[in-house]
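Please look over the sequence and the structure shown below before reading on.

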Amino acid sequence: MPEYLINNIDERCAELNINRSEYLRTLANLDISVQRYQQLTRYANQMFNNINNIHAELGVFVTPLQEVPMICMD
């Protein structure tokens with residue numbers, strides 16, 4: 001890791017009053033949580049579309065579901 005990045009991490013750790021290992025573990029957990037959230041959101045949107053397609057096929061008219069917005073984290 002570049003020295004400037006290590007320094008930035010250490011400064012942030014001091015601000016948060018945690019050690020480097022805990023900071024990196026928390027950062028990894030955040031990354032994985034965001035990925036899971038994005039997968040869940042994609043799944044919810046697919047289910048929304050599937051339900052609406054089935055409704056259209058059957059001619060069923062019900063209160064529409066509310067779409068879950070996608071959050072782009074790139």
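## Terms and overall make-up

A residue is called buried when its relative accessible area is under 20%, exposed when that area is over 50%, and partly exposed in between, with a 1.4 Å probe and protein chains only. This is a predicted model, in which local features need pLDDT of at least 70 and side-chain atom pairs count only at pLDDT 80 or more, while totals for chains, interfaces and linings use all residues. Residues are numbered from 1 along each chain as its sequence is written, and side-chain values use heavy atoms, with hydrogens and water left out.

The protein chain has two helices and zero strands, where helices (H or I, at least four residues) and strands (E, at least two) are DSSP runs numbered from the N terminus. Of its 74 residues, 11% count as buried. The accessible surface of the protein chain, found by the Shrake-Rupley method with a 1.4 Å probe and, for residues, with only the protein chains shown counting as cover, comes to about 6400 Å², and 55% of this belongs to carbon and sulfur atoms. Among contacts (heavy atoms within 4.5 Å) between residues at least 6 apart in sequence, 40% join residues at least 24 apart.

At the N-terminal end, H2 is capped by Asn19, which has a side-chain oxygen 3.2 Å from the backbone nitrogen of Ser21. Just after H2 comes Gly59, with a positive phi of about 70 degrees.

Which residues of H2 are buried? They are Tyr23, Gln38, Thr41, Asn45 and Phe48, and what covers them includes H1. Thr41 counts as buried at 3% relative accessibility, and a polar atom of its side chain lies 2.8 Å from the backbone oxygen of Tyr37. Such a polar contact is a pair of N or O atoms within 3.5 Å; within protein, one must be able to donate a hydrogen and the other to accept it, and residues adjacent in sequence count only if both atoms are side-chain atoms. Gln38 is likewise buried, with a relative accessible area of 18%, and although Gln38 and Met70 are 32 residues apart in sequence, their C-alpha atoms are 7.2 Å apart in space.

## The loop between the helices

Asn17 is placed in the loop between H1 and H2, where it is exposed, with a relative accessible area of 70%. The phi of Asn17 is near 60 degrees, a positive value in a residue other than glycine. As background, most residues other than glycine have a negative phi.

## Salt bridges

The structure holds two salt bridges, a salt bridge being a side-chain nitrogen of Lys or Arg within 4 Å of a carboxyl oxygen of Asp or Glu. One of them joins Asp10 and Arg20, whose closest N and O atoms are 2.9 Å apart. Asp10 lies in helix H1 and Arg20 in helix H2, so this pair ties together parts that are ten residues apart in sequence. Asp10 is partly exposed, with a relative accessible area of 29%, and Arg20 is also partly exposed, with a value of 38%.

Glu15 forms a salt bridge with Arg12, and here the closest N and O atoms are 2.8 Å apart. Both residues lie in helix H1, three residues apart, which is about one turn of the helix. Glu15 counts as exposed at 60% relative accessibility, whereas Arg12, at 37%, counts as partly exposed.

## A nonpolar patch on the surface

Met1, Tyr4, Leu5, Leu24, Leu27 and Leu30 form a nonpolar patch on the surface, and together they have about 610 Å² of accessible area. The elements that give two or more residues to this patch are helix H1 (3-16) and helix H2 (20-58), and the largest share, three residues, comes from H2. Patches are made of residues with over 30% relative accessible area and no salt bridge, with like charges joined within 9 Å and nonpolar side chains (Val, Leu, Ile, Met, Phe, Trp, Tyr) within 5 Å. Leu5, a patch residue that lies in helix H1, is partly exposed, with a relative accessible area of 33%.
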